[in-house]
Amino acid sequence: MTHKSTTPPRDEDGVRLDGVDADGAHRDGAHLDGVTVRLGGRPVLRDLSLTLTERRICLVGRNGSGKSTVARVVKGLIVPETGRVRVHGMNPAERSAEAVAAVGFLFQNSDHQILCPTVLEEIAFGPLEGGLARAEAEERALALMRLHGVAGWRDRPVAALSEGQRRLVCLLAVLVMEPKLLVLDEPYTGLDIPTRVRLARFVAGLPQRILAVSHDPETIETADRVLWLEEGAVRADGPPATVLPAYLDAMQRAGAQEEAAE
Ligand SMILES: Nc1ncnc2c1ncn2[C@@H]1O[C@H](COP(=O)(O)OP(=O)(O)O)[C@@H](O)[C@H]1O
Ligand SMILES: [Mg+2]
């Protein structure tokens with residue numbers, strides 16, 4: 001199901017849509033080339049090569065298949081043992097200010113993300129770290145909060161928010177940095193259905209490229225591309241109409257087999 005083509009797709013101006021410049025440089029999207037990651041002595045990603053330039057990519061697979069590891073490699077939080085990673089032409093593991101700003105990362109657990117006591121401080125934290133004066137950083141945070149109708153939360157303790165509200169705050173704290181690529185690790189897991197639907201709708205309206213690890217059916221169905229990982233390698237890769245039925249079928253069968261083996 002992997003798409004291979006000898007002539008890369010181009011837009012009407014002749015610019016390659018796969019993010020590779022005429023000189024072969026990867027300036028757009030995320031590019032993994034022969035990436036191998038071992039954690040605790042075990043191979044977690046096995047010689048993985050991916051060109052991630054679609055607007056909406058959904059990463060699916062069973063627990064432990066390596067989805068979060070791919071997300072962390074793209075953000076530069078994990079340095080692969082072998083292989084090359086380029087995100088918008090930069091090595092994210094070098095943690096240059098430009099590379100850090102290019103990729104916004106939403107952790108699976110909001111508690112791993114939240115650094116500040118109040119909502120305004122949390123959303124202003126990135127711009128402040130980036131060198132803006134406090135007043136400017138807070139104004140930028142407030143402008144974004146106003147845009148999304150949550151300016152009233154400014155002095156609320158982050159700890160007092162619901163899980164769905166906390167996730168939105170974390171997302172705004174990421175968006176305030178105006179990243180080019182958003183990496184979301186299970187942004188909807190653990191939310192009730194109305195909260196999930198609202199947050200998913202919010203995410204769907206964002207202009208950024210998004211790589212999302214998600215089990216949310218709507219997120220998978222509306223993706224431009226679904227990547228199915230199994231034991232650190234790509235099991236299937238293609239549009240949701242092709243990958244999703246095969247994935248769901250395999251998951252149903254795995255569930256039935258594991259039940260029978262118990
Ligand atoms: N820090 C770590 N040390 C050792 N093994 C790890 C570590 N983090 C993840 N793993 C292992 O790597 C594999 C892939 O993990 P992960 O990328 O988190 O999978 P997923 O997100 O698909 O559930 C799992 O088998 C997991 O147990
Ligand atoms: Mg995970």
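This is a predicted model: local features need pLDDT of at least 70, side-chain atom pairs count only at pLDDT 80 or more; totals for chains, interfaces and linings use all residues.
Which residue of β6 stands opposite L106?

1. Residues are numbered from 1 along each chain as its sequence is written, while chains are lettered from A and ligands numbered from 1 in the order in which they are written.

2. L106 stands opposite L184 in β6. Strand β5 (residues 103-106) pairs with β6 in the parallel sense over 4 bridges; two strands pair if DSSP finds at least two bridges between them. Helices (H or I, at least four residues) and strands (E, at least two) are DSSP runs, numbered from the N terminus.

3. D185 stands opposite V213 in β7.

4. In strand β6 (residues 181-185), 5 of its 5 residues are buried (20 or more other C-beta atoms within 10 Å of a residue's own, C-beta atoms being placed from the backbone; exposed means 12 or fewer, and partly exposed lies in between). L181, V183 and D185 point one way, whereas L182 and L184 point the other way.

5. G164 belongs to helix α5 (residues 163-175). G164 counts as partly exposed because it has 18 C-beta neighbours inside 10 Å. The C-alpha atoms of G164 and T189, 25 residues apart along the chain, are separated by 10.0 Å.
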